[in-house]
Amino acid sequence: MKFGIIKERKNPPDRRVVFSPEELIQLKNQFSTAEIKVESSDIRIFSDEQYSKLGIDVSDDMNDCDVLFGVKEVPVESLLPNKKYFFFSHTIKKQPYNRKLLQAILEKNIEFYDHETIVDANFNRLIGFGRYAGIVGAYNAFRAFGIKFGLFTIPKAESLSGKEDLVIKLKRSILPPIKVVLTGCGKVGNGAKEILDAMKMKEVSVENFLCKKYSEPVYVQIDVLDYNKRKDGKVTDKKDFYSNPKDYISDFERFTKVSDIFIAGHFYGNDAPYILTQEMLQANDCNIKVVADISCDVNGPIACTIKASTIAEPLFGYLPSEHKEVDVFHPAAIVVMSVDNLPCELPKDASEGFGEMFMKNVIPAFFNGDKDEILERAKMTENGKLTERFQYLQDFVDGN
């Protein structure tokens, strides 16, 4: 089995990689029959020399590899036919901008595995960059607050060496007694929580967050039933919410009245109610000053996320009264951070963390006969056709 680590070709450039040099050595040591080749790249966070110094083959020709690992979408013209590929395709939600990519994967007889589709027997995702999105997103929330109110200036995350450096910068920044509400208890939400806890910010209960005043900064982490409620008023469990999302409406307004910063790290499912609406943002008693939308569903559940911002220009002002973008320093503006590729700001940490998960959860399947069906569940295409689990994409492929 010959594995290839491909060069990232998408713009803007992405410096992340599936495996660090040290992780590839670990792979070879653990699975002696594995062969590895790394495609030469001048943008990757780990240089060609760092791989070649450890005896890893670096080349411009990947044609002799069986399985190719990448991070972002591979341009159609760069796809090698009749290979196995792993990367984030952004097609499983029928994203129209990548229809041609999925069509090309099928036409070129590629056996394709999307990193998002790698799940366990209960369909929980096994790998991803969510934790690092949460870490950077939380950092950016406080950076935005400091900029908006002229309290402090901290550098962009991309200019720092890693998570510990982010924490050092935040600890040196003096915050007033603000309240921070964080949605989401998955990898993204808990990544953001890592930063809040590392800052030594006090975590409080929902009831105390809503009712008490504090002389220090505090935060609350809330789950779906904290910010949604059944239309009929019945008290239920999360299982009911996930099964019947149309029976629910947002109950987030009670948090908008007391929160200064909203960090959105939730997963938003189809048919779930919008969380933060225009009406909430336009209310006279809305207290929110900064929204860090890590989830970044444009024109989705967070009304002020009217566009995806960029690492180069991460912040914009949102004017609730007119539902439009304005200058960050407009006196009535809410500052929005909606960067959709946050882990790119910590490429070394993110790559090492991703590789660790991939080594643990995916690589063994190539050598144990896929006994846990990790690869079987994740496989999207085979022999020029969609697999059974992904038949729902057929109309999308057909252009309907």
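**Close-up views of the predicted model**

**View 1. D247, at 31% relative accessibility, counts as partly exposed.** The model shown here and in the other views is predicted. D247 forms a salt bridge with R230, and the closest N and O atoms of the two are 3.9 Å apart. This pair links distant parts of the chain, 17 residues apart: D247 belongs to the loop between α9 (238–243) and β11 (248–250), whereas R230 is in strand β10 (residues 228–230). R230 has a relative accessible area of 14% and is therefore buried, the limit being under 20%. A network of salt bridges links R230 and D247 with D232 and D240. In total, the structure holds 28 salt bridges.

View 2. Side chains of opposite charge can pair when their charged atoms come close.

**View 3. E116 and R125 form a salt bridge.** The separation between their closest N and O atoms is 3.9 Å. R125 has a relative accessible area of 36% and is partly exposed, whereas R230 of View 1 is buried.

**View 4. Eight strands form an open sheet of mixed pairing, in the order β3-β2-β1-β4-β5-β6-β17-β18.** The edge strands, each pairing on one side only, are β3 (57–59) and β18 (385–386). Helix α3 (residues 99–107) packs on this sheet and touches β5 (84–87), β6 (111–114), β17 (379–382) and β18. The direction of helix α3 makes about 50° with that of β17.

**View 5. Strands β1, β2 and β3 pair through parallel bridges.** β1 is joined to β2 by four bridges, and these two strands run parallel. In this pairing I5 stands opposite V38 in β2. Strand β2 (residues 35–39) is joined to β3 by three bridges, again in parallel, and K37 stands opposite D57 in β3. In a regular strand the side chains alternate between the two faces of the sheet. In strand β1 (residues 2–5), K2 and G4 point one way and F3 and I5 the other way. All four of these residues are buried.

**View 6. A second open sheet holds eight strands in the order β8-β9-β7-β12-β13-β16-β14-β15.** β8 (202–203) and β15 (324–326) stand at its edges; each has a single partner strand, so one side of each is left without a neighbour in the sheet. The pairing in this sheet is mixed. Strand β7 (residues 179–183) pairs with strand β9 (residues 218–222) in the parallel sense, over five bridges. L182 has Q221 in β9 as its bridge partner. Helix α6 lies across β7, β8, β9 and β12 (261–264) and runs at about 165° to β9.

**View 7. Helix α4 (residues 130–148) crosses helix α6 (residues 187–198) at roughly 45°.** The axes of the two helices come within 6 Å, and the crossing is right-handed. On the α4 side the contact involves G130, R131, G134, I135, A138, Y139 and F142. These meet K187, V188, G191, A192, E194, I195 and L196 in α6.

**View 8. Helix α1 (residues 21–30) and helix α12 (residues 347–361) cross at roughly 15°.** Angles under 35 degrees count as roughly parallel, and α1 and α12 are therefore roughly parallel to each other. Their axes come within 10 Å, and the crossing is right-handed. E23, Q26, L27 and Q30 in α1 meet S351, E352, G355, E356 and M359 in α12.

**View 9. G399 is placed in the segment after α14 (394–397).** With 43% relative accessibility, G399 counts as partly exposed. The C-alpha atom of G399 is separated by 9.4 Å from that of K100, although the two residues are 299 residues apart along the chain.

Note on methods
Residues are numbered from 1 along each chain as its sequence is written. This is a predicted model: local features need pLDDT of at least 70, side-chain atom pairs count only at pLDDT 80 or more; totals for chains, interfaces and linings use all residues. Side-chain values use heavy atoms; hydrogens and water are left out. Two strands pair if DSSP finds at least two bridges between them. Contact means heavy atoms within 4.5 Å. Axes are lines fitted to C-alpha atoms, for helices over the stretch in contact, and angles run from 0 to 180 degrees between N-to-C directions. A salt bridge is a side-chain nitrogen of Lys or Arg within 4 Å of a carboxyl oxygen of Asp or Glu. Buried means under 20% relative accessible area, exposed over 50%, partly exposed in between (1.4 Å probe, protein chains only). Angles under 35 degrees count as roughly parallel, over 145 as roughly antiparallel, 65 to 115 as roughly perpendicular and the rest as oblique. A crossing is left-handed if the near helix is turned anticlockwise from the far one by less than a right angle, and right-handed if clockwise.
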